[in-house]
Amino acid sequence: GSDRGLLPIEEINIIYGAMPLYSDEPLLMVKINKRYKPGMTPHDVYGVSYGHWKLSIPRAKKAKYILAVADGVVRCVFGNAEFYRLKDGEEKEERQKNRVYFYADIIADSPYQLTSVSHMIDKGEQNPVKYHNC
């Protein structure tokens with residue numbers, strides 16, 4: 001798309017060369033397409049991934065890993081997640097109401113890193129949260 005401008009060749013290679021992810025493990029995928037920028041560090045990705053999700057905490061707790069996904073590619077993997085909601089009155093913006101946030105560890109050496117999950121997400125699917133085996 002042209003909404004984010006030109007992509008570096010490295011990013012194009014990642015998007016089109018990523019191997020498909022196949023796993024029986026319970027995973028939670030969160031799409032960060034518009035917030036992701038090529039060259040982000042894992043900490044940067046965590047900063048745009050940890051909050052504002054509309055999801056079921058009991059179901060999300062079943063996930064072994066949380067995958068931050070941009071353009072169908074896993075950009076960062078998080079583990080040991082704890083989920084929480086803001087208490088009434090703690091919201092600074094209306095969009096924070098009834099949304100879930102997580103604290104998690106960055107799993108830097110995950111085999112899921114830079115794999116493709118495009119085959120797991122239906123084309124045109126609007127929900128930014130996807131459960132796999134949860």
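This is a predicted model: local features need pLDDT of at least 70, side-chain atom pairs count only at pLDDT 80 or more; totals for chains, interfaces and linings use all residues.
**Close-ups of the aromatic rings**

View 1. Searching the whole structure turns up nine aromatic pairs. Here is one of them: the rings of tyrosine 46 and phenylalanine 78 sit edge-to-face, with 5.4 Å from centre to centre and 65° between their planes. This pair ties together distant parts of the chain, as tyrosine 46 belongs to helix H2 (residues 42-49) and phenylalanine 78 to strand E3 (residues 73-85), 32 residues apart. Phenylalanine 78 counts as buried because its relative accessible area is 0%.

**View 2. Tyrosine 46 also pairs with phenylalanine 102.** This is another edge-to-face pair, with tyrosine 46 and phenylalanine 102 at 6.1 Å centre to centre and 75° between the planes. Again, distant parts of the chain are linked: tyrosine 46 is in helix H2, while phenylalanine 102 is in strand E4 (residues 100-106), 56 residues apart. Both tyrosine 46 and phenylalanine 102 are buried.

**View 3. Ring pairs join up into a cluster.** Which residues do the ring pairs link into a cluster? The members are Tyr46, Tyr50, Phe78, Phe83, Tyr84, Tyr101, Phe102 and Tyr103.

**View 4. A charge sits over a ring.** Now look at arginine 59 and tyrosine 131. The charged end of arginine 59 is placed over the ring of tyrosine 131, and it lies 4.0 Å from the ring's centre.

Terms used: Residues are numbered from 1 along each chain as its sequence is written. Side-chain values use heavy atoms; hydrogens and water are left out. Rings of Phe, Tyr and Trp (its six-membered ring) pair if their centres lie within 6.5 Å; planes under 30 degrees apart count as stacked, over 60 as edge-to-face and the rest as tilted. Helices (H or I, at least four residues) and strands (E, at least two) are DSSP runs, numbered from the N terminus. Buried means under 20% relative accessible area, exposed over 50%, partly exposed in between (1.4 Å probe, protein chains only). A charge sits over a ring if NZ of Lys or CZ of Arg is within 6 Å of the ring centre and within 35 degrees of the ring normal.
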